[in-house]
Amino acid sequence: MDTTSLFRLDGRVALVTGGSRGIGRMIAAGFLAQGATVYISSRKADACIAAAKELGGKCVALPQDVSTVAGCKALAAQLAEHENKLDVLVNNAGAAWGEPFEDFPEKGWDKVMDLNVKSPFFLTQALHTALKAAARADRPAKVINISSIDGIRLNPWETYSYQASKAALIQLTKRMAARLAGDGIHVTSIAPGAFASEMNRAARDHGDEVARRIPAGRIGIAEDMAGAAIYLAARAGDYVVGTTITVDGGLVNAALGTSIDA
């Protein structure tokens, strides 16, 4: 048994949506550190290009809005200009919407469901051929969906479409895994808890207060997220299929009657 390379990604090609900031950037940086070539995509071209430059020479920016099926197909076409296979796809791009029940608008459903549920499905569909080209009998290709602990348990905020979308993504992960395993593509999900980001401003702006309600006693840091993603992407996670890993300091499974936005 050789465990020396279990977490290496040398020679692998990865694509991370929403990779210019937050959790996506944490994952992209982790993959790069383990030897992968990483393409990052985000809607804002300037931010995407700047992030790729900051992350280093093996990181390439592919700006694109993947909230539509056309955008997903366009991103797949952009990648095909550079690579003929894709080892790891991280569906991380997402949106949230909070508004009181009485006023919650239709656009607050459409925007969130399109990006958080439709996009992972249709982008994976658009990249199916590239993922199959990378898959080998001894090394499956990987799709990692970034869900949320808010798809597993309630938070105290009125984010109706966000919580529904993340629960849907967790179930979609299972269904996609069942279909794609036969193609040598293993689909999994990570459900983050409190990580400082633009989407989780509570953790970003009030980290010490948030940490008091987390069993581990702190909010998540970049290495926590990168570590989970590297595990699933690398040889170490080859036998993990269809499951969702919570990376939340124990908030879902070890908290005593606490609740916090994540």
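This is a predicted model: local features need pLDDT of at least 70, side-chain atom pairs count only at pLDDT 80 or more; totals for chains, interfaces and linings use all residues.
Phe122 has a partner. Together with Phe121 it makes an edge-to-face aromatic pair, with 5.0 Å from centre to centre and 90° between the planes. Phe121 is partly exposed too, at 34% relative accessibility.

How many aromatic pairs does the structure hold? There are 4. One of them joins Phe104 and Trp109: the ring centres are 6.2 Å apart and the planes sit at 65°, so we call this pair edge-to-face. Buried or exposed, what is Phe104? Phe104 is buried, at 14%, while Trp109 comes out partly exposed, at 36%.

Those two rings belong to one aromatic cluster, along with Phe101 and Tyr160. And there's a surface side to this story: Phe101, Trp109 and Tyr160 make up a nonpolar patch, with about 330 Å² of accessible area together. Tyr160 lies in helix α6, which covers residues 160–180, and is partly exposed at 32% relative accessible area.

Okay, on to the cysteines. How many disulfides do we get? The count is 0. Take Cys59: the nearest cysteine sulfur belongs to Cys48 and is 7.7 Å away, whereas a disulfide needs the two sulfurs within 2.5 Å. Cys59 is buried, at 7% relative accessibility.

Definitions and conventions
Residues are numbered from 1 along each chain as its sequence is written. Side-chain values use heavy atoms; hydrogens and water are left out. Buried means under 20% relative accessible area, exposed over 50%, partly exposed in between (1.4 Å probe, protein chains only). Patches are made of residues with over 30% relative accessible area and no salt bridge: like charges are joined within 9 Å, nonpolar side chains (Val, Leu, Ile, Met, Phe, Trp, Tyr) within 5 Å. Accessible areas come from the Shrake-Rupley method with a 1.4 Å probe; for residues, only the protein chains shown count as cover. A salt bridge is a side-chain nitrogen of Lys or Arg within 4 Å of a carboxyl oxygen of Asp or Glu. Helices (H or I, at least four residues) and strands (E, at least two) are DSSP runs, numbered from the N terminus. Rings of Phe, Tyr and Trp (its six-membered ring) pair if their centres lie within 6.5 Å; planes under 30 degrees apart count as stacked, over 60 as edge-to-face and the rest as tilted.
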